[in-house]
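Q: I have a new model open on my screen and I'd like to learn how to read it. Can you walk me through it?

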Amino acid sequence: MASALMDQLLADIKTAMKAQDGETVMALRTLNAAIKDQTVNAGVEVTDEAVVAVVSKAIKQRADAIEQFAVAGRQDLVDKEQKQVDLYRKYQPKQLDRAEIEVLVRECIAASGAASKKEMGKVMPLLMPKVKGRADGKLVNQVVLSLLP
């Protein structure tokens with residue numbers, strides 16, 4: 001396999017199995033199955049970029065579930081989902097903070113010549129490749145809207 005992240009995931013599954021940590025094994029196997037579904041089963045090579053994309057999607061799904069469980073008052077399920085999110089973050093690149101995103105947004109606004117919120121469509125195609133997998137899309141969207149007049 002051409003993915004160091006995938007190799008790390010498989011090694012972590014083995015470690016969790018040896019430690020008899022059933023919850024971690026289940027979470028990591030779920031992630032492994034999602035990665036295989038998006039790559040091997042789709043006829044695509046397993047790369048770090050593909051793994052990061054699947055991990056980001058899994059984290060976003062769990063974050064949405066956490067919100068729903070919190071509204072429903074199910075703290076036990078919130079804790080379970082949060083543990084999975086924390087576990088999955090290990091397979092993501094370092095996330096950009098708001099200040100780092102603002103710097104990139106300002107560069108893209110200058111490069112695109114966007115002068116208002118209506119021209120946000122000029123900024124996003126330049127910005128998204130720079131932040132893909134390294135920042136939450138909602139946060140990026142908020143920063144762009146806050147910096148455009």
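Predicted model: local features only at pLDDT ≥ 70, side-chain atom pairs only at ≥ 80, totals over all residues.

Q: Where should I look to see parts of the chain that are apart in sequence but together in space?
A: Pick one residue and list what it touches. L5 and V51 are 46 residues apart in sequence, yet their C-alpha atoms are 7.0 Å apart. Setting aside neighbours within four places in sequence, L5 is in contact with D48, V51, V52 and Y91.

Q: What do helix 1 and helix 3 look like as a pair: at what angle do they pack?
A: For any pair of helices, look at the angle and at the distance between axes. Here the angle is about 60 degrees and the axes are 7 Å apart. That angle makes helix 1 oblique to helix 3. On the helix 1 side the contact is made by A4, L5 and M6, and on the helix 3 side by D48, V51 and V52. Sorted by class, this contact has 5 nonpolar residues, no polar ones and 1 charged.

Q: And at what angle do helix 2 and helix 3 cross?
A: They cross at roughly 125 degrees, with axes that come within 9 Å. Helix 2 is therefore oblique to helix 3. You can also read the handedness: helix 2 passes helix 3 in a right-handed crossing. T30, L31, A34, I35 and Q38 of helix 2 make the contact with V51, V54, V55, A58 and R62 of helix 3. The classes here come to 7 nonpolar, 2 polar and 1 charged.

Q: Which residues of helix 5 and helix 6 meet?
A: Start with the geometry again. Helix 5 (residues 98-112) and helix 6 (residues 120-131) pack at about 140 degrees, their axes 9 Å apart. Helix 5 passes helix 6 in a right-handed crossing. From helix 5, the residues that meet the partner are L104, V105, E107, C108, I109, A111 and S112; from helix 6 they are K122, V123, L126, L127, K130 and V131. That contact counts 9 nonpolar, 1 polar and 3 charged residues.

Q: Now for the gaps. How do I find empty space in a model?
A: Rolling a probe the size of a water molecule over the atoms shows where empty space is left. In this structure that turns up 1 cavity of 30 Å³ or more, and the volume of the largest cavity is about 40 Å³.

Q: Which residues line the largest cavity?
A: The lining is E23, T24, A27, K80, K83, Q84 and L87. Helix 2 (22-38) and helix 4 (75-88) each supply at least two of the lining residues, and helix 4 has the largest share, 4 residues. By class, the lining divides into 2 nonpolar, 2 polar and 3 charged.

Q: What volume does the largest pocket have?
A: About 410 Å³. It is lined by 19 residues, and those closest to its centre are S56, K60, A135, D136 and G137. Helix 3 (48-72) and helix 7 (137-147) are the elements giving two or more residues to this lining, with helix 3 giving the most, 7 residues. The lining has 5 nonpolar, 5 polar and 9 charged residues.

Q: Which residues line the second largest pocket?
A: This pocket has a volume of about 180 Å³. Its lining consists of T30, L31, A34, D37, Q38, A53, V54, K57, A58, Q61, R62 and Y88. Helix 2 and helix 3 are the elements that give two or more of these residues; the largest share, 6 residues, comes from helix 3. In class terms, the lining splits into 6 nonpolar, 3 polar and 3 charged.

Methods. Residues numbered from 1 in each chain as written. Heavy atoms only, no water. Axes fitted to C-alpha atoms, helices over the stretch in contact; angles between N-to-C directions. Left-handed = near helix turned anticlockwise from the far one by under 90°. Contact = heavy atoms within 4.5 Å. Nonpolar A, V, L, I, M, F, W, Y, C, P; charged D, E, K, R; others polar. 1 Å grid on protein atoms, 1.4 Å probe; cavity = no way out; pocket = protein on both sides within 12 Å on 5 of 7 lines; lining within 4 Å. Points joined across faces, edges and corners; volume = space filled by probe spheres on them. Parallel < 35°, antiparallel > 145°, perpendicular 65-115°, else oblique.
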